[in-house]
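Here is a friendly briefing to read alongside the model.

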Amino acid sequence: MPAYKSFCWALGTTSFRTDNFNQTIEEQLSLLNRFWEKEENRNQSWEANNALQARYYDFMKSEGFVDGNAGNKPKDAREKTSGLADIGLITAGRKLTAAGNALLAISAKNDFKADNFFRISKDSYIYLKQLLKTANPIDGGYVRPFPVLVHLLCEFDSLSLEEFTYVLPLCTSAVYTERMTEGIRNVREGKLTVDELILSRLLDMENYKEALQMFLASEASEESICEMGMNRKSRSYDKTYYPLYLALYDFYLNGNEKAVYDIFKATKPIKIGKWWRAYLFSTLSEKTIQTKKKETIRETVFDAVSDETELKMAFFRIMHLFKAKATLSDYLDLNRRYIKTTDTVLFEDGTVRFDIVPKHFFRLVEKELYAYAYTPSELLTEDCAIDEIAPCLAMNESHVIRAVKEELGVEIQTVEQAQNALDDSRYERFNRLVDLRFSDEKLISLLDCFEKREDSEIRRAVSDNADIPTIFEYVLAVLWYKVSERNGKILDYMKLSLDADLLPITHAAGGEADIVYEYQKTPFYPAHTLLLEATLADGSNQRRMEMEPVSRHLGQHLIRNGADSAYCLFATTDLNINVISDFRGRKFMPYYDSQDFSKYVMGMKILPLQTSDLKNILLNGWTYSRLYALFEKAHESLLPPHVWYKECLSSLLEHVE
């Protein structure tokens, strides 16, 4: 009886696939750390301890990490943590490793600044080291997915998203990687399709060969289809394929046109039936298929079958092709999330490629690094230096200079010059991102979504690795960058972590203003700093959560930098009248340094805006050169708060058709 065997690798597990991926990992490490500190857990063992695992689930729930009530608490607790064990941040016994503790320390300090050769954030550097070490056990051997990705990106410079999804994970050994590499070349030259490449990989495995021979030699039945399906969870799951086989037989071998609708109905109970429907039918309209029948059938491999043996072979191939593609599609999200944590790989315009420094560095060391691609690492759980993973990963500044020279074609001599050139390249990419994804119309649409809290649409439009408040800060930063006519280093001004694609990542909350915009002197305004604060809190929550930190951030900035050096804009979806009143009152109130009362500023300028005002700024084409004078005039007004906001700000910004 043929058995299922894994044909691909995957990073992590599908049970740990969440939004806000980086933040979720950090929170999970913190939860585990605190859980094991509790007296009742300290000397307990995780393995085969359902009571302890259920207790951890309850602890996660009490901390707001999970919602609802799991039907199987121990299983849910295991699933929520298994992905962290896979990449060496925790042990199989769910204790933090040295690598996990190093990541937790970075999160606790909220210190994610880049201090490494790759110019990536500190947490991303740890993820990079962990993925360089992470290995999947497959068929008695091991494969390290990230070094295999390095190998292919050095070979091809970039992969299409289709190649990344369906071909890269099939590289499970040196032999298969060589075959898949040649396969990609043939696909690009039009000699092969990705589907044919996947099938060639599957049909090379002994269990698939055995399953096909068994199916051809037996009578087609529910039992034989379940056997040849080799379902990894339960053979019985494939019972739903038998009615489909019968309907295909009836149409393609008996010529019964009425069976077309039977084929369509037979795909419905199949878990991945959408793959079959898309392959077999030119329409997904059930009514059209029922009435037009044969006219809705696409040209497929089944057209060429002339007897049951050929039908069985075609059915076997398509069934396993779609099973494999469904599995690989499911793993795409996981693989991309884990690889994106390294901040070395760009996913844009349907391609996957390295950022500049990683690209040229890995080209230098690829051959030596690839020697480790099919071995496990004894250092997986350690917080080791990168060159301990492989000596070839030792780095020096000349590598950075060489990389930038080769990529950008600029003449540079120092690391500082290289960094400036990399910054210029990064801003070119960011401006292209703004052009492609954040037009004024799109920003207005997003502001509408924030007002209505259409969170799923916001995530689809921006990123699923950041929570909605973080995305609101990011969108405000992009908007204000455009209002400022793209002057200034907005990527520095945003106090957010960004991934390699320059999209936001949520980490633990920081202790400064959301956006600190620096303006140089122009004919329209003096040199100054603008603190932009964003919140989605409303009503009394807005008053409680925002009045103190906004005032504190601005007050501390003014004490450090001078009384006339800065002011603040506060942006939200729905302003609370007492928030307006409090911020207006700050114009006349002193703000003291809580550690030294001799240090204080007399009066602060804080201007509140609603998202409706931000939309009007875009609709009217207001630039900061014009807005600064308007804001200054509004600040000087002596109108009471309940009329001040409407008359001095909102009404002046209203859109004029």
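A helix crossing is called left-handed if the near helix is turned anticlockwise from the far one by less than a right angle, and right-handed if clockwise. Helices (H or I, at least four residues) and strands (E, at least two) are DSSP runs, numbered from the N terminus. This is a predicted model, in which local features need pLDDT of at least 70 and side-chain atom pairs count only at pLDDT 80 or more, while totals for chains, interfaces and linings use all residues. Residues are numbered from 1 along each chain as its sequence is written, and side-chain values use heavy atoms, with hydrogens and water left out.

- Helix H6 (residues 145–156) and helix H8 (residues 174–188) have axes that come within 12 Å and cross at roughly 35°; axes are lines fitted to C-alpha atoms, for helices over the stretch in contact, and angles run from 0 to 180 degrees between N-to-C directions.
- The crossing of H6 and H8 is right-handed.
- On the H6 side, the contact (heavy atoms within 4.5 Å) is made by Val148, His151, Leu152, Glu155 and Phe156, and on the H8 side by Thr177, Thr181, Ile184, Arg185 and Arg188.
- Sorted by class, this contact has 4 nonpolar, 3 polar and 3 charged residues; Ala, Val, Leu, Ile, Met, Phe, Trp, Tyr, Cys and Pro count as nonpolar, Asp, Glu, Lys and Arg as charged, and the others, Gly among them, as polar.

- An open antiparallel sheet is formed by 3 strands in the order S3-S5-S4; two strands pair if DSSP finds at least two bridges between them.
- Strand S3 (158–160) and strand S4 (345–348) each have a single partner strand, so one side of each is left without a neighbour in the sheet.
- On average, neighbouring strands here are turned by 20° against each other, direction ignored.
- S3 pairs with strand S5 (residues 351–354) over 3 bridges, and leucine 159 has valine 352 in S5 as its bridge partner.
- H6 lies across S3, S4 and S5, running at about 100° to S3.

**A mixed sheet**

- Another open sheet has 4 strands in the order S8-S9-S10-S13, with mixed pairing.
- Its edges are strand S8 (515–519) and strand S13 (606–610), each with a single partner strand, so one side of each is left without a neighbour in the sheet.
- Strand S10 (residues 566–572) and S13 run parallel and are joined by 5 bridges, and cysteine 568 stands opposite isoleucine 606 in S13.
- Helix H27 (residues 611–620) packs on this sheet, touching S10 and S13, and its direction makes about 85° with that of S13.

- The structure holds 2 cavities of 30 Å³ or more; on a 1 Å grid over the protein atoms alone, a cavity is a set of points where a 1.4 Å probe fits but cannot get out, and lining residues have an atom within 4 Å of a point.
- The largest cavity has about 50 Å³ of space, where a volume is the space filled by probe spheres set on the points.
- Leu153, Cys154, Asp157, Phe354, Lys359 and Arg363 line the largest cavity, with H6 and helix H17 (356–370) each giving two or more residues.
- Which residues line the second largest cavity? They are Leu476, Trp480, Leu532, Leu569, Phe570, Ala571, Leu609 and Leu614.
- The lining of the second largest cavity has 8 nonpolar, no polar and no charged residues, and its largest share, 3 residues, comes from S10.

Definitions and conventions:
On a 1 Å grid over the protein atoms alone, a cavity is a set of points where a 1.4 Å probe fits but cannot get out, and a pocket is an open set with protein on both sides within 12 Å along at least five of seven lines; lining residues have an atom within 4 Å of a point.
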